[in-house]
Amino acid sequence: MIRDLHSQLVNGEITSEQLTSDYFDAIEKKDPKIEAFVSLNKEYALDKARAVDRKIKNGGEIDLLAGIPCAVKDNMCVEGLQATAGSKILENYIAPYDATVIKKIKARDAVILGKTNLDEFAMGSSTENSAYQTTKNPADPERVPGGSSGGSAAAVAADMCTYSLGSDTGGSIRQPAALCGIVGLKPTYGAVSRYGLIAMASSFDQIGPIAKTVEDAAIVFSAIAGKDRHDSTSMTLAEKKYEDSLDGEIGGLRVGVPKEYFESEGLDNQVKEKIKEAIQRYERLGAKIVDISLPSGEYALATYYVIQPCEVSSNMARYDGIRFGQSVEKEKNEVDLVLQDIYLKSRAKYLGPEVKRRIMLGTYALSAGYYDQYYKKAQKVRSLIKKEFQEAFEKVDVILSPTAPTPAFKIGEKTEDPLEMYLADIYTVTANIVGIPAISIPCGNAKIEGKELPVGLQLMGKWFDEEMVLKAAYAFEQSGK
Amino acid sequence: MLSKSEVQKIAELARIEITDKEAEKYSKELSDILGFVDKLNEADIDRVEPIGHITGARNTMREDKIVEASDETKSAIIGNFPEKKDRFDKVKAVF
């Protein structure tokens with residue numbers, strides 16, 4: 001899609017201004033129902049588009065992403081725009097600088113249409129934890145788009161932008177991509193700078209692309225990856241255009257299928273069927289299917305729900321009503337408060353229930369006497385899981401699984417029980433725990449209550465081997481055409 | 001099972017004011033989650049070292065050089081202070 005739009009721009013068949021205003025028209029028409037966007041950036045976007053058009057007219061070379069309209073999850077800083085992270089505590093917060101990923105796509109003349117909805121501070125799997133709105137799944141507006149990057153996924157699926165940026169801590173790019181029937185890539189931990197991403201759990205968070213096609217995801221990933229002095233966990237990667245390595249050739253590719261992933265009782269039958277069909281399709285394409293075992297996988301979700309709240313409790317400490325964001329300090333009737341009251345009351349008033357739950361869980365797990373029992377133990381299990389994956393990757397090139405155990409669920413279906421919601425991430429958290437790249441691609445639809453609901457296929461790869469993951473995903477996608 | 005008073009204690013450590021009713025709700029929810037993560041006790045980790053950094057990066061160095069922010073950025077940061085006096089962040093008394 002991006003390549004196509006790019007050549008139309010270069011050949012003068014369309015202008016970026018027209019493309020951009022068409023997207024704004026689509027947003028105006030569809031978004032009152034979908035509610036994917038939390039804010040729009042109309043004037044700046046159209047200015048940028050016109051600048052790209054002038055560049056083309058003057059015969060200048062333009063980047064693949066130049067003039068192509070995109071959307072950004074509202075937990076990434078875009079200078080001068082609000083960045084709410086889906087939380088009331090950051091209502092009216094204006095980002096004073098660009099996140100590194102934003103700086104990179106701006107340098108390529110990307111057109112940023114607006115900011116998209118998410119679960120508060122990316123904590124959730126449905127966008128229902130957003131303090132502003134619940135985004136609807138374009139395939140069925142009674143259902144969730146998944147989360148936390150639900151706004152970014154719905155915006156792409158409903159053709160309200162060409163691609164978007166999301167963030168993934170436990171599945172937040174892949175699960176909504178699966179539920180909305182599009183492509184979402186979580187890169188290797190350290191492949192993309194997290195500078196300017198409002199932190200949730202820093203040892204898991206990664207920014208990645210959400211797009212209509214594997215090639216688009218590859219183009220965007222190539223543009224945002226690489227070492228950044230502002231993020232000491234980012235790594236130097238070989239300068240590569242990942243999109244150029246997509247050839248559809250996967251003869252001899254070793255695809256690992258972990259048996260445990262198909263034994264879990266929460267796995268929907270129709271999802272299971274679609275994944276089995278996908279395995280058969282890989283076989284037909286010349287891949288070698290290898291049965292593998294990842295027994296420690298059953299500890300993945302428990303490991304995640306110890307380490308992640310611990311990191312959350314630390315990262316959320318900055319929302320104290322003092323330096324930025326909403327504060328009870330502003331309220332005239334609160335004149336007699338002392339400093340600690342500002343912390344206690346600002347956090348009580350402006351943070352949502354899921355955020356509080358995780359802060360408290362992490363505070364408890366890290367408190368005196370419990371550190372060894374929870375945090376340290378979880379970090380050990382994390383080693384164990386990593387070791388299993390290292391061993392598995394000696395035998396296989398990619399590991400195949402469902403992305404989510406079920407298709408999109410109904411709005412309100414899982415909000416009563418936090419644990420129930422956590423299970424939506426059962427197949428995705430492991431890639432974050434061990435830091436490997438993983439992609440979700442569409443592999444057909446499930447029929448539920450007369451609706452066609454998308455099912456996602458997940459491919460996980462070796463550390464920093466996004467190329468293999470993208471190649472394997474691309475071959476599958478092309479074979480379905 | 002976490003008691004209501006334990007939850008109140010955690011909330012205080014986390015600097016979040018909660019009501020008695022919320023304490024009751026969180027006591028159940030947090031206990032459920034803690035019960036779930038108790039699964040980790042089954043894992044055999046006797047001879048396993050905890051993860052340091054997942055991709056194995058260590059001692060990442062860079063030059064200790066200050067890069068001054070632009071006046072525009074500085075004003076934008078100050079603009080986000082909830083309460084301010086001139087260019088200072090105004091806070092309440094500690095006691």
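Predicted model: local features only at pLDDT ≥ 70, side-chain atom pairs only at ≥ 80, totals over all residues.
**Entry: helix 7 against helix 15, chain A**

I started with a helix pair in chain A. Helix 7 covers residues 214-224 and helix 15 covers residues 466-479. Their axes lie 9 Å apart, and the packing angle is about 160 degrees. Angles over 145 degrees count as roughly antiparallel. Helix 7 of chain A and helix 15 of chain A are therefore roughly antiparallel. I also looked up the handedness of this crossing, and it is left-handed.

Next I listed who makes the contact. Helix 7 of chain A brings A:Val214, A:Glu215, A:Ala218 and A:Phe221. Helix 15 of chain A brings A:Glu466, A:Leu470, A:Ala473, A:Tyr474 and A:Glu477. By class I noted 6 nonpolar residues, 3 charged ones and no polar ones.

**Entry: helix 2 against helix 3, chain A**

I then took a second pair. Helix 2 of chain A runs over residues 16-34, and helix 3 of chain A over residues 42-57. The angle is about 155 degrees, with the axes 7 Å apart. That makes helix 2 of chain A roughly antiparallel to helix 3 of chain A.

**Entry: cysteines**

A:Cys161 has a relative accessible area of 2%, so I logged A:Cys161 as buried. A:Cys310 is buried too, with a relative accessible area of 2%.

**Entry: backbone geometry**

Most residues other than glycine have a negative phi, and most peptide bonds are trans. I went through some exceptions.

The peptide bond between A:Gly147 and A:Ser148 is cis, with omega about 10 degrees. I placed A:Ser148 in the loop that runs between strand 3 (111-116) and helix 5 (150-157) of chain A.

A:Asp109 is not a glycine, yet its phi is positive, about 65 degrees. I found A:Asp109 in the loop between helix 4 (100-107) and strand 3 of chain A. Is A:Asp109 buried or exposed? Its relative accessibility is 13%, so A:Asp109 counts as buried.

B:Arg15 has a positive phi as well, near 55 degrees. This residue sits in the loop between helix 1 (4-13) and helix 2 (20-37) of chain B. With a relative accessible area of 29%, B:Arg15 is partly exposed.

**Entry: A:Glu298**

I placed A:Glu298 in the loop between strand 8 (288-292) and helix 9 (300-315) of chain A. A:Glu298 has 44% relative accessibility, so I put it down as partly exposed. Which residues does A:Glu298 touch, not counting those up to four places away in sequence? I found B:Lys39 and B:Glu42. I also took a distance to A:Glu354. A:Glu298 and A:Glu354 are 56 residues apart in sequence, and 24 Å apart in space, C-alpha to C-alpha.

**Entry: two residues in helix 2, chain B**

B:Ala23 lies in helix 2 of chain B. Its relative accessible area is 0%, so I logged B:Ala23 as buried. Leaving aside neighbours within four places in sequence, B:Ala23 is in contact with B:Lys4, B:Val7, B:Gln8 and B:Ile18. I then looked up how far B:Ala23 is from B:Met61. They are 38 residues apart in sequence, and C-alpha to C-alpha they are 44 Å apart in space.

B:Ser31 is in helix 2 of chain B. I noted a relative accessible area of 12%, so B:Ser31 is buried. Its contacts, not counting residues up to four places away in sequence, are B:Met1, B:Leu2 and B:Tyr26.

Note on methods:
Residues numbered from 1 in each chain as written. Chains lettered and ligands numbered in written order. Heavy atoms only, no water. Axes fitted to C-alpha atoms, helices over the stretch in contact; angles between N-to-C directions. Helix = DSSP H or I, 4+ residues; strand = E, 2+ residues; numbered from the N terminus. Parallel < 35°, antiparallel > 145°, perpendicular 65-115°, else oblique. Left-handed = near helix turned anticlockwise from the far one by under 90°. Contact = heavy atoms within 4.5 Å. Nonpolar A, V, L, I, M, F, W, Y, C, P; charged D, E, K, R; others polar. Buried < 20%, exposed > 50% of the residue type's maximum accessible area, 1.4 Å probe, protein only.
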